[in-house]
Amino acid sequence: MTATVADPLALGTLPPAMPAFVIRPETEGEPEQAMRLEEVPTPEPGPDDVIVRVMAAGVNYNGVWAALGEPVSVFKIHQEPFHIAGSDASGVVWRVGANVRRWQPGDEVVVHCNQSCGQCPECNGLDPMACSEQRIWGYETSWGSFGQFCRVQAQQLLPKPRHLTWEEAASYGLVYFTAYRMLVDRARIRAGQNVLVWGGGGGLGSMAVQICRLYSANAIAVVSSDEKAALTRALGATAAINRSEFDLVKRPSETAEQGRHRVAEMRRFGKRIRELTGGRDVDIVFEHVGSATFPTSVFVCSRFGQVVICGATAGYNLEFDVRYLWMRQKSIIGSHFANAYQCQQANELVIQRKIQPVVGDVFPFADIPRAHQVMRHNQHAGKMVILVGAARRGTGAHGG
Ligand SMILES: NC(=O)c1ccc[n+]([C@@H]2O[C@H](COP(=O)([O-])OP(=O)(O)OC[C@H]3O[C@@H](n4cnc5c(N)ncnc54)[C@H](OP(=O)(O)O)[C@@H]3O)[C@@H](O)[C@H]2O)c1
């Protein structure tokens, strides 16, 4: 078996088996060990499903979590014997289920990663993100995009922006739609606000910076290298701060002396922000790092400001001085991916070229485990993408 998935197939033809990178309960661990190439049965669509021929697949941190089996094994979430990760894809509709009317074989699509039952009151009136069966496809479900074909609910499909290549189209969904809900729907970003964006050169952060620019807000990007600082400025950040110039991280057994030093460092960090904003604190903090940054996020946020959070790369047990929260009447807002309507609204901004994908390194299909290892060690900038059905980088765009 080779690692190519580019063999010619007639539209609609599903081979009995397909190549896919698979995690099994017994292989959980570092991504390079956990994700293995296998031949697995090709999925068939249920009545409301679509089978998509994957052309390119985005690499996300949830693939790292799935490989590690931390903080929870995906096999405790779904009942499949193996896990095919991958929560971002661009591709071609290959076969549709009996109830699917909005899509047909041959349509070029981008896949968003939210699944829900579609039948409950929450799905039909409140928000599918409130559905008790809400799942992130390719993380809380199997049959993600790291195989020749993936199986999705029809409501997950969005039109592929015609001007984008396959790898560009596969790069933005999960991080951009998440950042869109965080800033536009949850924090209700407004023109003129100052927004502190942790990890401004990463997947979420590079899209958050662009959303701030689009809404005429000022993004102050936090990064760890000059290269990422330059990237964030090119994307429209008002300023960038290199976090390595500050000693902000709380040690597990912090002494009183270390605690005083850390608070002094948080004050110095806040002063640096005010130097960049003309003396104002940040109205919104865009959080996804968790334990290493959260005390600082609450501290530097303005009075009546908001910390909006969707993840915890550094750890999910958050410890912070709550006095800064209540005395200054700040809010902490949880946010998780996005619903189909928000995805569609956000995708329209890509179609209109108001938001650009930020593609970092592009890998061949065989390098899926290596790409996740790179992400685990924070050695990437922008979004890493895997070519699955696309023969090479730079294909799939249509003129104009
Ligand atoms: N709930 C959701 O729907 C959702 C959706 C997307 C992502 N997430 C979660 O959000 C997190 C980030 O995802 P991503 O795709 O943006 O990952 P990413 O591309 O790896 O970017 C994360 C950025 O965080 C920064 N960072 C890492 N460790 C840090 C630390 N100790 N202190 C300060 N900054 C640190 C890094 O930037 P610098 O080193 O340059 O500072 C890195 O670029 C992950 O945990 C992911 O699972 C959740």
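Which residue in strand 12 does Ala221 stand opposite?

Tutor: In this predicted model, Ala221 stands opposite Ala240, which belongs to strand 12. Strand 11 and strand 12 run parallel and are joined by four bridges. In general, the strands of a sheet pair through backbone hydrogen bonds, and such pairing may be parallel or antiparallel.

The two strands belong to an open sheet of six strands, whose order is 12-11-10-13-14-15 and whose pairing is parallel. Strand 12 (239-242) and strand 15 (331-334) stand at the edges of this sheet, and because each has a single partner strand, one side of each is left without a neighbour in the sheet. Direction ignored, neighbouring strands of the sheet are turned by 20° against each other on average.

Helix 6 packs on this sheet, where it touches strand 10 (194-197), strand 11 and strand 13 (282-287), and the direction of the helix makes about 165° with that of strand 11. Helix 6 also packs with helix 7 (residues 226-235), at an angle of about 30° and with the two axes 9 Å apart, and the crossing in which helix 6 passes helix 7 is right-handed. The residues that meet there are Ser206, Val209 and Gln210 from helix 6, and Leu231, Thr232 and Leu235 from helix 7; by class, this contact has three nonpolar, three polar and no charged residues.

Strand 11 (218-223) and helix 6 (203-214) each supply at least two residues of the shell around the ligand, as do helix 2 (61-68) and helix 5 (173-186). Of the 30 residues around the ligand, Gly199, Gly202, Gly203, Ser224 and Gly311 come nearest. By class, the shell divides into 13 nonpolar, 15 polar and two charged residues.

Two details of backbone geometry complete the account. Phe304, which is found in strand 14 (residues 301-309), has a positive phi of about 65° although it is not a glycine. Elsewhere, a cis peptide bond with an omega of about -5° joins Glu70 and Pro71, and Pro71 lies in the loop between helix 2 and strand 4 (89-96).

Note on methods:
Residues are numbered from 1 along each chain as its sequence is written. This is a predicted model: local features need pLDDT of at least 70, side-chain atom pairs count only at pLDDT 80 or more; totals for chains, interfaces and linings use all residues. A residue is near a molecule or strand if its C-beta atom, placed from the backbone, lies within 6 Å of it. Ala, Val, Leu, Ile, Met, Phe, Trp, Tyr, Cys and Pro count as nonpolar, Asp, Glu, Lys and Arg as charged, and the others, Gly among them, as polar. Two strands pair if DSSP finds at least two bridges between them. Axes are lines fitted to C-alpha atoms, for helices over the stretch in contact, and angles run from 0 to 180 degrees between N-to-C directions. Two residues are in contact if their C-beta atoms, placed from the backbone, lie within 7 Å. A crossing is left-handed if the near helix is turned anticlockwise from the far one by less than a right angle, and right-handed if clockwise.
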